[in-house]
Structures are given as structure tokens and as C-alpha cells.
Amino acid sequence: MAMAEQGADSPAGADPSPQAFAPGDVRAVYRAIHERRDMRHFAGGQVPDDTLRRLLEAAHHAPSVGFMQPWRFVRVTDRALRAQLHGLVEEERVLTARALGEREDEFMRLKVQGLLEAAEVLAVSLADGREKHIFGRRTLPQMDLASAACAIQNLWLAARAEGLGMGWVSLFDPAAVARLLQLPEGAEPIALLCLGPVPAFYAEPMLAQTRWAQRQPLQALVFDNAWGRASSLFAEGPVP
């Protein structure tokens, strides 16, 4: 992984920004980004309370449109409640498999959750009363979801830096999860996060390892000035 190994040092002849982190810190940021994995295999254990507080603090420092801070976290410590959530995910897993048609059997062989094995389970919900936040959302109301996703990503990267795995489970009926967790009307669950020690981090994303999908080349996704116009950023060749 070239970026993780080389870091993000300035190219020869370029002056680094005076606001830039020290080179070792820059490399650590890029390492966390490139070595983050959506984990499904957990090793039980525990996440110390002070570590969990740090991770949630990292999440809470995510950017949010209009500074609305729409994220809410429900820590699921009750084993019976976890089992119920697991059951909801299993129900949706079967329905998703059927909807995939010819890939049904392939999908059913995938491990899609770690709710029963992970040290911690956090349910993430969009807050109720979000409609009052107009700043930045008048024409793009989905920016509440985008903001909460930023919080999840912050938590994910911080967890990787702490040596903890995290997996985002989205296979569930939101209304059923909302009832189980007694969410207020208007709140909307968007993620069940499995968090904790793992036997090992995947060398590459699990869905790439299992040949479910592969990462697309960046140069196919970046355009100049109009959709479909290849960017001059990649004129010299693909990103390493």
C-alpha cells in the first residue's frame, strides 16, 4: 500500500504548509485511512471505558452541516437485546439474499455481522426534530445522514488507531430497530456498529477478498469541469 508506506510527505521541491502536521503524524493519519476495515470477525474481550469515551469524543468532533450534530448513540450492553438485534439482522439477511437473485447463495456465505461476538455494540440514530435544521439542508435534506456518516467515520478511524476493529451493519428494518431501542418518533436508526478486539485485520476489504466486488480505479471516478471528462490529475498514469 504505497500511501501507507510512504506517507504524505511533500514532493521534492514543494514547501509544506506551515499548518501541516509533522511528517510522522501525517503518515499516521493516512495509515489509519488506508488500513481501516469493515470488520465482521471479533475476538470478544472488552473496550475500556476511557477508550470508548475517546472514540465517542472523536465521533462527536465530526463536521456537521449547520452544526446540527444529528448523531445519537445507544450503547447496547444487554445480551438479550443484542440477541434480538441479531435476529432482526438475520431476517433482513435472508430477504436481501433473495433480492440478489443469482448471487443469493454467494451472499449467504458471507459473514455480515458480529453483533454477538463484538465487545461493544453501538446503535447510531439520526436525532428527532431534525426538520428544524434548515441551514445547509433546505435543498439537500439528506445532509443529516451525511453528517452522521462523518461521525461514524471518525469513530472508525480512531478505533483503527487504537487497534480495535469496527463493522457497520445496515441490514435491518429501521422501524423494528427503533421499536426495540425505544427511539422517539422522528428518530431514525442508520447503523449497528460492532466494535472491539479482532483476531487480525483483513489485508484488504473483506468483500474484495471474497471477490464480491473490487475497488474501482480512482481516475475513473474523478472528472474535470463536467461529468465524464477525464481529469488531468491522472494524465501521467494511475494512482499507485
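Student: Which residue in β4 is the bridge partner of Val124?

Tutor: In β4, Val124 has Ala191 as its bridge partner. Keep in mind that we're looking at a predicted model.

Student: Okay, and how many bridges join β2 to β4?

Tutor: Seven bridges link strand β2 (residues 120-126) with strand β4 (residues 188-196), and the two run antiparallel.

Student: What about β3 and β4, how many bridges there?

Tutor: Five bridges join β3 to β4, and those strands run antiparallel too.

Student: What holds paired strands together in general?

Tutor: Strands of a sheet pair through backbone hydrogen bonds, and the pairing can be parallel or antiparallel.

Student: So what's the strand order in the sheet here?

Tutor: The order is β1-β2-β4-β3, in an open sheet of four strands with antiparallel pairing. The edge strands are β1 (71-75) and β3, each pairing on one side only. On average, neighbouring strands of this sheet are turned by 25° against each other, ignoring direction.

Student: Let me zoom out. How many helices and strands are in the chain?

Tutor: The chain has eight helices and four strands. Going along the sequence, you'd read the pattern α-α-α-β-α-α-β-α-β-α-β-α.

Student: And what box do the C-alpha atoms fill?

Tutor: Taken along the principal axes, the C-alpha atoms fill a box of roughly 60 × 45 × 40 Å. Of the 240 residues in the chain, 35% are buried.

Student: What share of the contacts comes from residues 24 or more positions apart?

Tutor: They account for 75% of the contacts in the chain with a separation of 6 or more.

Student: Now the core. Which residues touch the most other members of the largest nonpolar core?

Tutor: Those are Phe107, Leu115, Leu181 and Leu192, in a core of 30 residues. The elements α4 (79-99), β2, α7 (174-180) and β4 each supply at least two residues of this core. Helix α4 gives the most, with five residues.

Student: What is Phe107 in contact with, leaving aside its neighbours within four places in sequence?

Tutor: Phe107 is then in contact with Arg93, Thr96, Ala97, Leu100, Val112, Leu171 and Trp212.

Student: And how many residues are in the other core that lies apart from it?

Tutor: That other core has 23 residues, among them Ala119, Ala148, Ala159 and Ala191.

Student: Switching to rings: how many aromatic pairs does the structure hold?

Tutor: It holds three. One of them is Trp156 with Trp168, a tilted pair at 6.2 Å centre to centre with 55° between the planes. Trp156 is in helix α6 (residues 143-161) and Trp168 is in strand β3 (residues 165-169), so this pair ties together parts that are 12 residues apart in sequence.

Student: Is Trp156 buried or exposed?

Tutor: Trp156 counts as buried because its relative accessibility is 7%, under the 20% cut-off. Trp168, at 23%, counts as partly exposed.

Student: Why is the pair of Phe223 and Trp227 called tilted?

Tutor: Their ring centres are 5.3 Å apart and their planes are at 45°, so the pair is tilted; that angle falls between the 30 and 60 degree limits. Phe223 is partly exposed at 29%, while Trp227 is exposed at 78%.

Student: Which arginine lies over the face of Trp156?

Tutor: That's Arg36, at 4.4 Å from the ring centre. There's also Arg160, whose charged end sits over the ring of Phe201, 3.8 Å from its centre.

Student: Last topic, backbone angles. What is phi like in most residues other than glycine?

Tutor: Most residues other than glycine have a negative phi. Phe67, though, has a positive phi near 50°. Phe67 is in the loop between α3 (49-60) and β1, and at 62% relative accessibility Phe67 counts as exposed.

Student: And where does Arg211 lie?

Tutor: Arg211 lies in the segment after α8 (206-209). Its phi is positive, about 65°, although Arg211 is not a glycine. Arg211 is exposed as well, with a relative accessible area of 57%.

Key:
Residues are numbered from 1 along each chain as its sequence is written. This is a predicted model: local features need pLDDT of at least 70, side-chain atom pairs count only at pLDDT 80 or more; totals for chains, interfaces and linings use all residues. Side-chain values use heavy atoms; hydrogens and water are left out. Rings of Phe, Tyr and Trp (its six-membered ring) pair if their centres lie within 6.5 Å; planes under 30 degrees apart count as stacked, over 60 as edge-to-face and the rest as tilted. Buried means under 20% relative accessible area, exposed over 50%, partly exposed in between (1.4 Å probe, protein chains only). A charge sits over a ring if NZ of Lys or CZ of Arg is within 6 Å of the ring centre and within 35 degrees of the ring normal. Two strands pair if DSSP finds at least two bridges between them. Axes are lines fitted to C-alpha atoms, for helices over the stretch in contact, and angles run from 0 to 180 degrees between N-to-C directions. A nonpolar core is a set of buried Ala, Val, Leu, Ile, Met, Phe, Trp, Tyr and Cys residues joined through side-chain atoms within 4.5 Å. Contact means heavy atoms within 4.5 Å.
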